[in-house]
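Biologist: I would like to go through this structure with you. Could we take some residues one by one and then turn to the whole chain?

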Amino acid sequence: MVHLALGTMMFTISTGQPILMEQQDLSGVKTFVNISGESVKTMMVLFHGCNNQGHDWFQKPEEIVFLHKAILRKIAVVAFTNPRHRGNFCWPSPDEEYFLEATDLLHRALLELLDSLKKPPKPLVVFSVSLILVGASSGGIFASRLPAIWRNKLLNLAQVTAFLSVVSPTSFVRKTQLLEQPGADFPPTGLVYMPRDTTFASEEAIETFLGSLHQAGVAAKAWALAPQQLTAETLIASLQIAGIFVEDKAVQKFIEALTDLGLLMDGEVIEDPRRIPWRRAVALLDAGVQGHSRQHRHRCLEEVLNRAWAQHEFGMDAEVIDWLLYQSNAQAWRSLEEGYHYTIIAS
């Protein structure tokens, strides 16, 4: 069981269930927050990819597993929905319209959140908070610019101490070409990618950015995610993580239908699910299903299929969070030794 504190409310949840969060409107930005423990020392700030909003971090299988590991390590979690988009919730690139406006809105939202956490009667922020920025796909492109933009603008309430990019080339690389050399003050960086992606966040693009970080003296590491097996058992387990419970017989029929469609063979996804009309077989799962809306079930199912194929989908290596936390703590100590002034918010 995991005990979560959210504002003045306490929750107990079972590992493997959707994560409870508090929704707030901060400076016009939809913000989703989960805080564990009696104080906030490290905060993970999340930016999802296109067609995803802030709340999806707390509701989809791969993200739930990722956030549970963070929460167990007493990392506070905050996710934003892009306040400036064209209907698809993609985060803007630095050269796009609304980029600076979006960064300004998020800056104000984050300051508002941090300020609210330091207020009595029981302030949760006592010292400067270490921020781990996490960006997936377009969120990785957007978030990769925030360390420089937010530097010296967080009023000693927080500092960016680590960055994680998931299936994203970041804003520093485009089509394997390095657009700009990151500086020595760029935070320690983790890069999660899928070698099957040969266009957007390709292995070559990741290696280009990784090399540039090492050249700048920045701690950096990359993790490659391989395809996963998809069987009736693994599908049931993944959906249950999101609180979706499906009858065994229905799942078996669905797996057989995927095999007939040419998507699946002996537990291996052999074609890109985005190119196969697997939704024709979804009705097989809907009979007797429990938990959440049909739309949510289908979105979770889509993620499971895409993750099994492993070309462009959120996923995580088990080592990543501990590596990020270690680097984040080390970066915070380095900043302290170099004269970064922590402001005591409350005693």
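Modeller: Let us begin with phenylalanine 89, which is placed in the loop between β6 and α2 (99-117). Helices (H or I, at least four residues) and strands (E, at least two) are DSSP runs, numbered from the N terminus.

Biologist: What is the phi of phenylalanine 89?

Modeller: Phenylalanine 89 has a positive phi of about 65 degrees, although it is not a glycine. Most residues other than glycine have a negative phi.

Biologist: And where is threonine 176, and what is its phi?

Modeller: Threonine 176 lies in the loop between β9 (173-174) and β10 (177-178). Its phi is positive as well, at about 75 degrees, and threonine 176 is not a glycine.

Biologist: Before we continue, what kind of model is this, and how are the residues numbered?

Modeller: This is a predicted model, in which local features need pLDDT of at least 70, side-chain atom pairs count only at pLDDT 80 or more, and totals for chains, interfaces and linings use all residues. Residues are numbered from 1 along each chain as its sequence is written, and side-chain values use heavy atoms, with hydrogens and water left out.

Biologist: Which residues does serine 202 touch?

Modeller: Serine 202 touches Thr176 and Asp197, not counting residues up to four places away in sequence. Contact here means heavy atoms within 4.5 Å. Serine 202 itself is in the loop between β11 (189-193) and α5 (203-215).

Biologist: Is serine 202 buried or exposed?

Modeller: Serine 202 is buried, with a relative accessible area of 6%. Buried means under 20% relative accessible area, exposed over 50%, and partly exposed in between (1.4 Å probe, protein chains only).

Biologist: Then serine 171, please. Where is it, and what is it in contact with?

Modeller: Serine 171 is in the loop between β8 (158-166) and β9. Leaving aside neighbours within four places in sequence, serine 171 is in contact with Pro94, Ile141, Ser144, Arg145 and Leu179. Serine 171 is buried, at a relative accessible area of 8%.

Biologist: How far is serine 171 from glutamate 233?

Modeller: Serine 171 and glutamate 233 are 62 residues apart in sequence, and their C-alpha atoms are 39 Å apart in space.

Biologist: And how far apart are glutamine 240 and proline 61?

Modeller: Glutamine 240 and proline 61 are 179 residues apart in sequence and 8.2 Å apart in space, C-alpha to C-alpha. Glutamine 240 belongs to helix α6 (residues 232-241), and glutamine 240 is partly exposed at 33% relative accessibility.

Biologist: What about serine 39 and lysine 118?

Modeller: That pair is 79 residues apart in sequence and 9.5 Å apart in space, again C-alpha to C-alpha. Serine 39 sits in the loop between β4 (29-34) and β5 and counts as partly exposed, at 30% relative accessibility.

Biologist: Changing topic: how many aromatic pairs are there?

Modeller: A search of the whole structure finds twelve aromatic pairs. Rings of Phe, Tyr and Trp (its six-membered ring) pair if their centres lie within 6.5 Å; planes under 30 degrees apart count as stacked, over 60 as edge-to-face and the rest as tilted. One of the pairs is phenylalanine 47 with phenylalanine 80, a tilted pair at 6.1 Å centre to centre and 40 degrees between the planes.

Biologist: Which parts of the chain does that pair tie together?

Modeller: Phenylalanine 47 lies in strand β5 (residues 42-47) and phenylalanine 80 in strand β6 (residues 76-80), so the pair ties together parts that are 33 residues apart in sequence. Phenylalanine 47 is buried at 0% relative accessible area, and phenylalanine 80 is buried at 2%. Ring pairs also link Phe47, Phe80, Trp91, Phe99 and Phe142 into a cluster.

Biologist: Now the chain as a whole. How many helices and strands does it have?

Modeller: The chain has ten helices and 14 strands. The radius of gyration of the chain is 20 Å, close to the 20 Å that the globule rule gives for 347 residues, so the chain is as compact as a globular protein of that length. That radius is taken over C-alpha atoms, and the globule rule is 2.2 Å times the number of residues to the power 0.38.

Biologist: How much of the chain is buried?

Modeller: Of the 347 residues, 54% count as buried.
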